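Visitor: I am new to this structure and would like to learn how to read it. Could you take me through a few of its features with care?

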Amino acid sequence: GVENKLEDAIQLTFSVLSQLDVHLPSTPPDKSVVMNDWMDMTRTLQKVSYDEFLSFREMSDINKIAAMKTLHLLILYTYFSKQEYLPIVIIQSVQLTLQHGICKESCVAIASCSYVLCEFQDFKGAEYIGGLSIGILEKLKAQEYLSQVYICTFGGIFGWIRKLGLNLEHLLVGYQMGMQ
């Protein structure tokens with residue numbers, strides 16, 4: 001069924017990433033290892049000012065850009081199947097962004113990070129990191145990812161910390177862009 005197709009797609013993306021010199025574990029590491037990596041990543045993001053983050057260089061290495069495109073797909077695949085891999089994929093995407101610069105796919109990785117932070121009740125961190133994702137989206141004019149960023153930020157984070165009515169316009173715009 002569809003579940004098996006997603007698992008096949010996940011395995012294929014792991015193979016593609018390996019060829020791009022980006023390696024993910026074949027079995028998820030211990031949760032404590034993932035949590036430590038997650039906390040390190042979010043602390044790093046929260047230490048960078050908004051202006052400093054948006055002034056990061058743009059990613060230029062074509063293999064890293066291809067890896068980010070593949071990781072973007074993997075974020076979607078692991079969200080729907082094999083969720084134990086989702087934080088690992090987000091961490092890898094954010095690390096590539098921090099090490100090699102921002103690209104259009106960075107906005108989805110950062111928005112996904114902020115969305116997952118809501119699970120830990122870190123709404124202040126989620127709001128800040130969500131703002132970074134919107135900043136990248138706007139700076140790089142990554143309209144093709146607007147719906148994904150908006151669902152994570154306005155449908156996720158801001159849905160927790162604001163009155164829903166304040167988010168509806170952005171959610172409608174995200175919906176309309178996603179349906180195009």
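**Reading burial, core and salt bridges**

Guide: T13 counts as buried because its relative accessibility is 7%, where buried means under 20% relative accessible area, exposed over 50% and partly exposed in between, with a 1.4 Å probe and protein chains only. This is a predicted model, in which local features need pLDDT of at least 70 and side-chain atom pairs count only at pLDDT 80 or more, while totals for chains, interfaces and linings use all residues. Residues are numbered from 1 along each chain as its sequence is written, and side-chain values use heavy atoms, with hydrogens and water left out.

Visitor: Where does T13 lie, and which residues does T13 touch?

Guide: T13 lies in helix α1, a helix being a DSSP run of H or I with at least four residues, numbered from the N terminus. Leaving out residues up to four places away in sequence, T13 touches T70, L74 and Y77, contact meaning heavy atoms within 4.5 Å.

Visitor: How many residues does the largest nonpolar core have?

Guide: In soluble globular proteins, nonpolar side chains tend to be buried together. A nonpolar core is a set of buried Ala, Val, Leu, Ile, Met, Phe, Trp, Tyr and Cys residues joined through side-chain atoms within 4.5 Å. Here the largest such core has 55 residues, and F53 and I90 have the most contacts inside it. Among the helices, α6 gives the most to this core, with nine residues.

Visitor: Is α6 mostly covered or mostly exposed, and what do its buried residues pack against?

Guide: Helix α6 is mostly covered, since 12 of its 14 residues are buried, and these buried residues pack against α2, α3, α4, α5, α7 and α8. Among the buried residues of α6 are A109, S112, C113 and V116, which are also in contact with I90.

Visitor: How many salt bridges are there, and which side chains meet in them?

Guide: Side chains of opposite charge can pair when their charged atoms come close. Counting a side-chain nitrogen of Lys or Arg within 4 Å of a carboxyl oxygen of Asp or Glu as a salt bridge, the total comes to three. In one of them the side chains of D40 and R43 meet at 2.7 Å, N to O, and both residues lie in helix α2, three residues apart, about one turn of the helix. In another, the side chains of K69 and E105 meet at 3.0 Å, N to O. K69 lies in helix α4 and E105 in the loop between α5 and α6, so this pair ties together parts that are 36 residues apart in sequence.

Key:
Helices (H or I, at least four residues) and strands (E, at least two) are DSSP runs, numbered from the N terminus.
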